[in-house]
Amino acid sequence: MKVREFRQYLLRWYRTCHRSFPWREDPTPYRVWISEIMLQQTQAKTVIPYYRRFLERFPSIESLARAAEHEVLELWSGLGYYSRARNIHRAARLMLERHGEFPRDLAAIRALPGIGRYTAGAVCSLAFHQAQPIVDGNIRRVITRLEGIQKSVPEKLFWDRMSRWIPERQPSDFNQAMMELGALVCLPSRPLCCDCPVERLCEARRLRIQDIIPAARPRRAVQQTEAVILILENKRRLLLTSLHTFSVIPGKWGLPCSQVLRGKSLKDTANALSLKILGRTVPLILCAKIGHSITNHRITAHGFFCRGDFRVLGLRRTKGFRWATPAECGRLLTSSLFHKALAKYRAIDAEE
Ligand code: SF4
C-alpha cells in the first residue's frame, strides 16, 4: 500500500463528500463520547433526535454527573441497551472525581465504565486530535478489501494497519474518512468502486473479488417470544412495577409482564400474572398486539386491559409497585415496548 497516496486521496474525498451530523459540529470530547456510545448498535438517523435531546438536557459532564440515574434513563428510553446509559452516567461522575474534566489520556479514558478501545480512540482522535486508530465494522471491511484479504485474520491486523496509516496531522479526518468510506462507498454488498477515491490502490478491485470479501457472517437465528402485558387502570393511574419477576428491565419501572410459556394460552398467562400481582384474577380484555425487536429477538406482546378499584388490595403500599398517571408513565417507563403499550392505552382512553 502506498500510504501517502492513500491518505491524500482519502482525505481529499472526505473533505467534500462527508455527511453532516450534529456530533460533527463542535466535536468536544464530551459530545464525541456521547455520540459514539449512542451510535453503538444504532443507526445514525435514529440517533440524531436522541443525541439532540440528550445534549440539550445534559450539555456538559457536570450536568450529567449531577443528574439522577432515572433522568438519564428517561432520555435514553427507546435507544435500548440501557447499560450504556448507566455506564455513561457512572463514567461522568468518575471523570469528575478522578480528573475534574474529560481526561486526555487513552488509558485513563479506557479505564472508565463502558469505554473500550474503539470509543477511547474515537475521543482521542476526533476531539483531542491524537493519532489514535479506531476499528469498527466499516473500517474492517474497507481494510479487508483494500488488502484483498481472503481468509480469516486476527483482529490485531486491523488495528496494526490503522496505526500505520493514521497521519499525525488530521487523525480525526482520517478516522472519520475510513468509516465514511465504508458507510457510503465500500458497502457490504455491491461496493461502489467506480465512485471510490482509492480504487486504484485497492487489491480486491484489482483481483475483482470486492463482491465476495469479506465473506458474509452467518446471520443469527431470529428468536420469537410471546408475552402478555397487564394494563391495570385505577382512577386514571396505571400500575407499574420494578420487580425483577414482572419487569423487562430489572430495577426499572415497567408495566407488569410475563412471557407466554409453551402450551399456555394468552389468557391463562395473563390470569396467572394477575393472580401473582393482585392475589386474584380480574376481568381482563385483550386490547393490543405490539411488535417489538431487540437485536435478534422478536417479541410479540399482547396487552390486557382492566379498569377497577385495585387500591383496595393495598398495592399502593407494596414495595416494587406504584400507580402513575399516563404522563408520569411517559417519564418513568424506560423500554419502548412499554411506551408502545402506553400509546395503545391512550388510544383506548381517547375512544371512551
Ligand atoms: S475500490 Fe471498491 S472494494 Fe476497494 S475500497 Fe473502494 S469501494 Fe471498496
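The model is predicted, so local features need pLDDT of at least 70 and side-chain atom pairs count only at pLDDT 80 or more, while totals for chains, interfaces and linings use all residues. Residues are numbered from 1 along each chain as its sequence is written, and side-chain values use heavy atoms, with hydrogens and water left out.

Let's begin with the layout. Domain 1 covers 3-207 and domain 2 covers 223-351, with bounds from an automatic or database domain assignment. Taken over C-alpha atoms, their centres are 38 Å apart. Domain 1 brings 8 residues to the contact and domain 2 brings 9, where contact means heavy atoms within 4.5 Å.

Now to the interface itself. About 690 Å² is buried between domain 1 and domain 2, with 53% of it on carbon and sulfur atoms; buried area is the accessible area (1.4 Å probe) that two parts lose on being put together, summed over both. Between the two domains there are 0 salt bridges (a side-chain nitrogen of Lys or Arg within 4 Å of a carboxyl oxygen of Asp or Glu). On the side of domain 1 that touches domain 2, helix 5 (69-76) and helix 6 (82-98) each supply at least two residues; helices are DSSP runs of H or I, at least four residues, numbered from the N terminus. Helix 5 gives the most to that side, with 3 residues.

Finally, the structure holds 9 aromatic pairs, meaning rings of Phe, Tyr and Trp (its six-membered ring) with centres within 6.5 Å. The ring centres of F54 and W76 lie 6.0 Å apart with planes at 85 degrees, so this pair is edge-to-face (planes over 60 degrees apart; under 30 is stacked and the rest tilted). Because F54 sits in helix 3 (residues 44-57) and W76 in helix 5, the pair ties together parts 22 residues apart in sequence.
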